[in-house]
Amino acid sequence: MALKATIYKADLNIADMDRNYYQEHALTIARHPSETDERVMIRLLAFALHADPALAFGKDLFDVEEPALWLKDLTGAIQTWIEVGQPDERRLLKAAGRAERVIVYSYSATSDIWFKGLASKIDRNRKISVVNIPAGTSAQLEKLAQRSMQLQCTIQDGQVWLTDGTETVMVEREVLMGQA
């Protein structure tokens, strides 16, 4: 018997003063059986950072041909392909061939080792950006994870805060390659 996804619901209020984007999103996130709450929250953070009415969660772990998130234009062309974790260079180069922009959000304590092994293989591709979320920050985000969430994300002058009304996490981002 195959394991089924766990459904998370998030009401995410975004105030992105850097992009003048102010919106509320009612999100449904399917958590793969092998996925952690930490990874779910990094996907949610990536959504908040790139929020757009057309941004959608991909099938990701359920279908290897799709990213964690993607933004398509009205013709179906992929504008932004967002990966979460530590994908290999073949996956990133393939994504860069399909999308105008590829962004990776890594969040593990081993991200620096992964990136050192990857950097020379993808450094010529200007479409790819790699952003690391420090392990301490992602662990704090994991504590916000619940099956039903009410979250507020504020972005101003490059700083990001995510709160559930009780706990607030200041999200640090380290751009390892490209731009966030």
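Which residues does Arg101 touch, not counting residues up to four places away in sequence? The views below get there in the end, starting with the whole chain.

**View 1. The whole protein, a predicted model.** This is a predicted model, where local features need pLDDT of at least 70 and side-chain atom pairs count only at pLDDT 80 or more, while totals for chains, interfaces and linings use all residues. Residues are numbered from 1 along each chain as its sequence is written, and side-chain values use heavy atoms, with hydrogens and water left out. You'll find four helices and eleven strands here; helices (H or I, at least four residues) and strands (E, at least two) are DSSP runs, numbered from the N terminus. The radius of gyration is 16 Å, close to the 16 Å that the globule rule gives for 180 residues, so the protein is as compact as a globular protein of that length. That radius is taken over C-alpha atoms, and the rule is 2.2 Å times the number of residues to the power 0.38. Along its principal axes, the C-alpha trace spans about 50 × 45 × 40 Å.

View 2. Of the 180 residues, 45% count as buried; buried means under 20% relative accessible area, exposed over 50%, and partly exposed in between (1.4 Å probe, protein chains only). A nonpolar core is a set of buried Ala, Val, Leu, Ile, Met, Phe, Trp, Tyr and Cys residues joined through side-chain atoms within 4.5 Å. The largest one has 39 residues, and those with the most contacts inside it are Leu12, Met41, Leu44, Tyr105 and Leu141. Helix H1 (residues 37-49) gives the largest share of this core, nine residues. A second, separate core of 17 residues includes Ala99, Val102, Leu118 and Val130.

**View 3. The surroundings of Leu12.** Here, contact means heavy atoms within 4.5 Å. Leaving aside neighbours within four places in sequence, Leu12 is in contact with Gln23, Glu24, His25, Leu27, Leu44, Phe47, Ala48, Leu151, Cys153 and Leu162.

**View 4. Two loop residues with positive phi.** Asn20 is found in the loop between strand S1 (6-16) and strand S2 (21-31). Its phi is near 55 degrees, a positive value in a residue other than glycine, and Asn20 is exposed, with a relative accessible area of 60%. Now look at Asp157, in the loop between strand S8 (148-156) and strand S9 (159-163). Phi of Asp157 is near 50 degrees, again positive in a residue other than glycine. At 66% relative accessibility, Asp157 counts as exposed.

**View 5. Tyr21 in strand S2.** Tyr21 sits in strand S2 and is buried, with a relative accessible area of 12%. Not counting residues up to four places away in sequence, Tyr21 touches Ile14, Ala15, Asp16, Ala51, Asp52 and Pro53. What about Leu3? Tyr21 and Leu3 are 18 residues apart in sequence and 37 Å apart in space, C-alpha to C-alpha.

**View 6. Arg101 and the residues it touches.** Back to the opening question: Arg101 touches His50, Gln79, Thr80, Trp81, Lys127, Gln179 and Ala180, not counting residues up to four places away in sequence. Arg101 belongs to strand S6 (residues 99-106) and is partly exposed, with a relative accessible area of 26%. Arg101 and Gln79 are 22 residues apart in sequence and 6.1 Å apart in space, C-alpha to C-alpha.
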